[in-house]
Amino acid sequence: MNSVTPKQYQSASEIAGLVANRETSAVEILERHLNQIEEHEKDVNAFNLVTINEARAAAKETDKLIVEGGNVGPLAGVPIAIKDNLCTKGIPTTASSKILEGWKPPYDATVVRKLKEAGATIIGKTNLDEFAMGSSTENSAFGPTRNPHDLSCVPGGSSGGSAAAVAAGFAPIAIGSDTGGSIRQPAALCGVVGVKPTYGGVSRYGLLAFASSLDQVGPFATSVKDAAIVHEVIGGYDPLDSTSIKQAPNSFVNEIDQGVNKLKVGIISELMGGIDGITQEVIKQTNIAVSALSDAGAQVEEVSLPAALYCLSAYYLIAPAEASSNLSRYDGVRYGLRVDGANLKEMNVNTRTEGFGDEVKRRIMLGTYALSAGYYDAYYGKALKVRRLLAENFADLYKDYDVLLSPTSPCTAFKLGAKIDDPMTMYVNDVCTIPSNLVGHPAISIPFGSGKDGMPIGVQILAPPMNESVMYQVAHTLEKASQ
Amino acid sequence: MSDSISSDEVKHVAHLARLRLTSEELATFTEQLRAVLDHAKDVEALDLDDVEPMSHPLPIENTMRKDIPNPMLKPSDFLPEAPAVEGGRFLVPKILGEEE
């Protein structure tokens, strides 16, 4: 199988240290990553756009600041790839959709601004399933991204470009968005770390909205510590996001080494064989992770999260319902594509019919139906009640347990084309990750061994809202056990 | 829960969402939407009568900012990105006289 992963990854914290101490320069670091992109991007297709000129200018600026003795941030000279549904001022932002062709946002997303202020070098915009709808990065107007571990396989999705960019050594850090698993599932399939923060913990300002009550921005990294460092940079209260939490936590790294001694870990039985479709090798590997935590001093017990059985149903009504409303703004008037018509309505129809891909159309129609008169109570209303049951299930468990554990993805990376014609089969990929989005809790996926096909397997740690510190502690312990 | 979606209903929903479907697309989408809605029927096994719906993970009400002037985008920041502009405004095809 054709693989393009580097033999060794250099961590973001190491790069930032070397750049700040002038043992290397931001420009040197950037050029090394641009070389890796030059060599392998044609095989991987992780990027919609590599912003070479802007990146070189930013790296030079960082080096100049250091020479002048200025204050550089914790990500000095670290190349970072940004999912192409996050606004970058003056740089095309497409959501991998034809409907936003050529559009350049007039402002930076808060997350992008914070990364720049921390000294990072923005290296480009990564591919995704159109408007973040998908689990394979095949639904893109820019063509599919391929998994760096095996180019015949998908990288997962929807943040497949970001996950692949980190796995291929194109950038030590990438940013993604996670609405139903869109950071954690591709992280698992590409063998990297991926984090979905607490809802409201990281600003959504400048994130093109898919499902506003579920979307959350988070990092990809090659280590748990790197992910925590980036999370500290991008997290915190933002007055520009009306759902931002005032007391949002943003200190995780200091406590990362505290271990798991006496922590109580619940293993979600519904995701360990209770629900069909989760493969034996994934369950087996997750059990090895459980033993590792037990060996490290944690108290591990099997627990039940009964509403998990109904999350897929609830999610695939709630997310499309919110999407159908959010995506009504793409009407050919204010930005992107316009396909002319005799009157306003015809222009709207022509633009949306030509601009949106099949998966986006499917979800818009599903959501419109679920919200329409006569069906609202039967579909959307019931889904919201399942969401409440799930929140109550979680609250009960967190009275007794510090964190919960499950697989991240039901299977390892599948071949391109294997599931794309059967939406329901594709949706099952999100079964382990959806619960955290529905309740707004944080979760992390870390690589833990591989399947018979040699492809990475990810294990997921779920934590109570605003309590990422304990999540990172457990993940860090597990990471050490996997090495 | 009522019977799952018919192709006439898909046609209607597409109209509401301002999408046009070919007859092949209508057939494919109907089948696919039906599969998702059929799957969603599994929640009928639950007793949800006394459960309060939850539309958002955070118990927030309206979020207001302080009533003080802040810098904001100017038309010159975003109008150049619009498909059609005239006299500093978005230009659209005629609206009145549309048939419904």
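A polar contact is a pair of N or O atoms within 3.5 Å; within protein, one atom must be able to donate a hydrogen and the other to accept it, and residues adjacent in sequence count only if both atoms are side-chain atoms. The model is predicted, so local features need pLDDT of at least 70 and side-chain atom pairs count only at pLDDT 80 or more, while totals for chains, interfaces and linings use all residues. Residues are numbered from 1 along each chain as its sequence is written, chains are lettered from A and ligands numbered from 1 in the order in which they are written, and side-chain values use heavy atoms, with hydrogens and water left out.

Q: How many residue pairs are in polar contact between chain A and chain B?
A: The count is 17 residue pairs, both residues being at pLDDT 80 or more.

Q: How many salt bridges does the rule find across the interface of chain A and chain B?
A: The rule asks for a side-chain nitrogen of Lys or Arg within 4 Å of a carboxyl oxygen of Asp or Glu. Across this interface it finds zero salt bridges, whereas the count over all chains comes to 14.

Q: What makes the pair Arg56(A) and Glu31(A) a salt bridge?
A: The N to O distance between their side chains is 2.7 Å, and the cut-off is 4 Å; the pair therefore meets the rule. Arg56(A) lies in helix H3 (residues 52-67) of chain A and Glu31(A) in helix H2 of chain A, 25 residues apart, which links distant parts of the chain. Helices here are DSSP runs of H or I with at least four residues, strands are runs of E with at least two, and both are numbered from the N terminus.

Q: What area is buried between chain A and chain B?
A: Buried area is the accessible area (1.4 Å probe) that two parts lose on being put together, summed over both. Here the value is about 5,400 Å², and carbon and sulfur atoms give 69% of that area. Contact, meaning heavy atoms within 4.5 Å, takes 62 residues from chain A and 58 residues from chain B.

Q: Why are H8(A) and H15(A) called roughly perpendicular?
A: Axes are lines fitted to C-alpha atoms, for helices over the stretch in contact, and angles run from 0 to 180 degrees between N-to-C directions. Helix H8 (residues 280-295) and helix H15 (residues 468-482) of chain A pack at about 105°, with their axes 10 Å apart. Angles under 35 degrees count as roughly parallel, over 145 as roughly antiparallel, 65 to 115 as roughly perpendicular and the rest as oblique. H8(A) and H15(A) are therefore roughly perpendicular. Residues making the contact include Ala289(A) of H8(A) and Val474(A) of H15(A).

Q: Why are H7(A) and H15(A) called roughly antiparallel?
A: Helix H7 (residues 224-234) of chain A packs with H15(A) at about 160°, and their axes are 9 Å apart. H7(A) and H15(A) are therefore roughly antiparallel to each other. Among the residues in this contact are His231(A) of H7(A) and Tyr472(A) of H15(A).

Q: Where does Arg22(A) lie?
A: Arg22(A) is in the loop between helix H1 (12-20) and helix H2 (26-44) of chain A. Arg22(A) has a positive phi of about 60° although it is not a glycine.
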